[in-house]
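Have a look at the sequence and the 3D view, then work through each task before reading its solution.

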Amino acid sequence: MQAVFYSQARNNLREIINKVCDDFDEYIITTKDEKSVVLISYEEYSSMKETIYLLSSKNNRDRLNDAVEQIENSKFLKKEIDL
């Protein structure tokens, strides 16, 4: 995660956006009055929102945790799909 002041971010916005989108870098941008934001790619933001949504339901969270546990313990079936 990179940290830059607002003026530096403003002067290099295109470069910062490219790094954020291409390399999944994150930037903390701080103003001189100490207000801060985090700049992340839309793709990363969407992924975070989807994860929060999927984990917001107790039933869904429990099913996902069970599935992860099965994978970690190699207790799953692998099936071939005919196309």
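**Exercise 1.** Which residues does Thr30 touch, not counting residues up to four places away in sequence?

*Solution.* Before starting, note that this is a predicted model, in which local features need pLDDT of at least 70, side-chain atom pairs count only at pLDDT 80 or more, and totals for chains, interfaces and linings use all residues. Residues are numbered from 1 along each chain as its sequence is written, and side-chain values use heavy atoms, with hydrogens and water left out.

Step 1: look for contacts, meaning heavy atoms within 4.5 Å. Thr30 touches Val4, Phe5, Tyr6, Lys35 and Ser36, leaving out residues up to four places away in sequence.

**Exercise 2.** Classify Thr30 and Ile52: is each one buried or exposed?

*Solution.* Step 1: recall the cut-offs, with buried under 20% relative accessible area, exposed over 50% and partly exposed in between (1.4 Å probe, protein chains only).
Step 1: Thr30 has a relative accessible area of 16%, so it is buried.
Step 2: Ile52 lies in helix α3 (residues 42-55), and its relative accessibility is 59%, so Ile52 counts as exposed.

**Exercise 3.** Identify the six residues of the largest nonpolar core.

*Solution.* Step 1: a nonpolar core is a set of buried Ala, Val, Leu, Ile, Met, Phe, Trp, Tyr and Cys residues joined through side-chain atoms within 4.5 Å.
Step 1: the largest such core consists of Val4, Ala9, Ile16, Val20, Tyr27 and Ile29. Both α2 (13-23) and β2 (27-30) supply at least two residues of this core.
Step 2: zoom in on Tyr27, whose contacts beyond four places in sequence include Val4, Ile16 and Val20.
In soluble globular proteins, nonpolar side chains tend to be buried together.

**Exercise 4.** How many salt bridges are there, and which side chains meet in them?

*Solution.* Step 1: a salt bridge is a side-chain nitrogen of Lys or Arg within 4 Å of a carboxyl oxygen of Asp or Glu. By this rule there are two salt bridges.
Step 1: Glu15 pairs with Lys19 at 3.4 Å, N to O. These two are separated by about one helical turn because they are four residues apart in helix α2. Glu15 is partly exposed at 42%, and Lys19 is partly exposed at 31%.
Step 2: Asp62 pairs with Lys58 at 2.8 Å, N to O. Both lie in helix α4, four residues apart, about one turn of the helix. Here Asp62 is partly exposed at 30%, while Lys58 is exposed at 52%.
Side chains of opposite charge can pair when their charged atoms come close.
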